[in-house]
Amino acid sequence: MRAKVAKEKYIASVHARKHVDLIRKISSKDSSDLKKTAKKFDSVYFSKGSSESAFLAAGSVIEVAEKVAAGELSSAIALVRPPGHHAEHSKPMGFCLFNNVAIAANYLLNERPDLGINKILIVDWDVHHGNGTQNMFYSDPRVLFFSVHRYDYGRFYPYEADASHVFIGDETGRGYNINVPWEHAKCGDADYVAAWDHVLLPVAEAFDPDIILLSAGFDAARGDHMGDCCITPNGYALLLTKLLGFAKGRIVMALEGGYNPESIANSVCACAKVLLGDKFTLNSPEMQPFESTWRVIQMVRDELKTYWPVLSSKLPENVSLRSTPSY
């Protein structure tokens, strides 16, 4: 499908009008002004194509989310850049200009009630915390936001405390924000599968979403040195396969981060095969989660068990664990 430009009113449903105006006009600036403007924000880069790309990225995610929700597509992958999950209500951040997934979620919930999408599960497996998405739905029980990311006790981008597991939502949205914050690098298939099996999947079953929007960053992939984690293409395929059992398999993947073209290509390809119905066998040489992973999962479950009783049960005992990597 061809990319489609988003209407400003849909972007303005989650972003401040001043922010929308900034991005719309950014490409009309000369190169020196682009650099000066970018320096006002955290880890942002502008070019002559930024405005068009941002509107196309947001519009494309809206388009495929609408078609999946309507049953015209069984699932979809939006191969878009710039990414979106760091973009806040009033500012771009972390290479993100518009929050593509948040815009699409808001569109389904508030602009197209006829499609019957009343509950949305947003899964963010980008190696960085989805701060923008979290903040946009922090008090909204219609959206269950799940982010698994490197945290490193606040020393990993975006360096904010609200990536911690104790940030679980506010007001009627309490319990609907779930952070699984890794304490260090090198987490891989076994760690993510453990987070799925012991946090995400039990809660997803209780929540029973109508559609899943996946903030699919691939910077936790093996070979991506910015993320320095170790998920294999088959690992991503397994994580995605486990999500297909929910929302009648209605999944929309939107590309987020990823800084090794080969890692992204192999990982996206593996996910595309899953959505197309290919079967696969996970052949991972090491399926032992780290000791720290087990501890983080327990902390997350303890924080959320009041809201999700399914997390009150004990974790399996006598699990073979790897020691925490040393640096």
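**View 1. Packing of helix 7 on helix 8 in the predicted model.** Helix 7 (residues 189–207) packs with helix 8 (residues 233–243) at an angle of about 10 degrees, and their axes are 10 Å apart. Helix 7 is therefore roughly parallel to helix 8 (angles under 35 degrees count as roughly parallel, over 145 as roughly antiparallel, 65 to 115 as roughly perpendicular and the rest as oblique). Helix 7 contributes D189, Y192, V193, W196, D197, L200 and L201 to the contact, and helix 8 contributes G235, L238, L239, K242 and L243; contact means heavy atoms within 4.5 Å. By class, eight nonpolar, one polar and three charged residues make up the contact of helix 7 with helix 8 (Ala, Val, Leu, Ile, Met, Phe, Trp, Tyr, Cys and Pro count as nonpolar, Asp, Glu, Lys and Arg as charged, and the others, Gly among them, as polar). Axes are lines fitted to C-alpha atoms, for helices over the stretch in contact, and angles run from 0 to 180 degrees between N-to-C directions. Helices (H or I, at least four residues) and strands (E, at least two) are DSSP runs, numbered from the N terminus.

The model is predicted: local features need pLDDT of at least 70, side-chain atom pairs count only at pLDDT 80 or more, and totals for chains, interfaces and linings use all residues. Residues are numbered from 1 along each chain as its sequence is written, and side-chain values use heavy atoms, with hydrogens and water left out.

**View 2. Buried and exposed residues of helix 3.** L34, T37 and A38 of helix 3 (residues 31–38) are buried (buried means under 20% relative accessible area, exposed over 50%, partly exposed in between; 1.4 Å probe, protein chains only). Seen down the axis of helix 3, the buried residues fall within an arc of 95 degrees, so they line one face of the helix; the arc is that of the directions from the helix axis to the C-beta atoms. These buried residues pack against helix 2 (17–25). K35 and K36, on the other side of helix 3, are exposed.

**View 3. Surroundings of P92.** P92 sits in the loop between strand 1 (75–78) and helix 5 (100–111). With a relative accessible area of 1%, P92 is buried. Leaving aside residues up to four places away in sequence, P92 touches H19, L22, F41, V44, F46 and L97. L214 is 122 residues from P92 along the chain, and their C-alpha atoms are separated by 20 Å.

**View 4. Two cis peptide bonds, at P82 and P158.** R81 and P82 are joined by a cis peptide bond with omega of about 5 degrees. P82 is in the loop between strand 1 and helix 5. From Y157 to P158 the peptide bond is also cis, and omega is near 10 degrees. P158 belongs to the loop between strand 3 (143–150) and strand 4 (177–182).

**View 5. Positive phi at S43 and K186.** S43, a residue other than glycine, has a positive phi near 55 degrees. The loop between helix 3 and helix 4 (50–69) holds S43, which is partly exposed at a relative accessible area of 33%. K186 is not a glycine, yet its phi is positive, at about 75 degrees. K186 lies in the loop between strand 4 and helix 7 and counts as partly exposed, at 34% relative accessibility.
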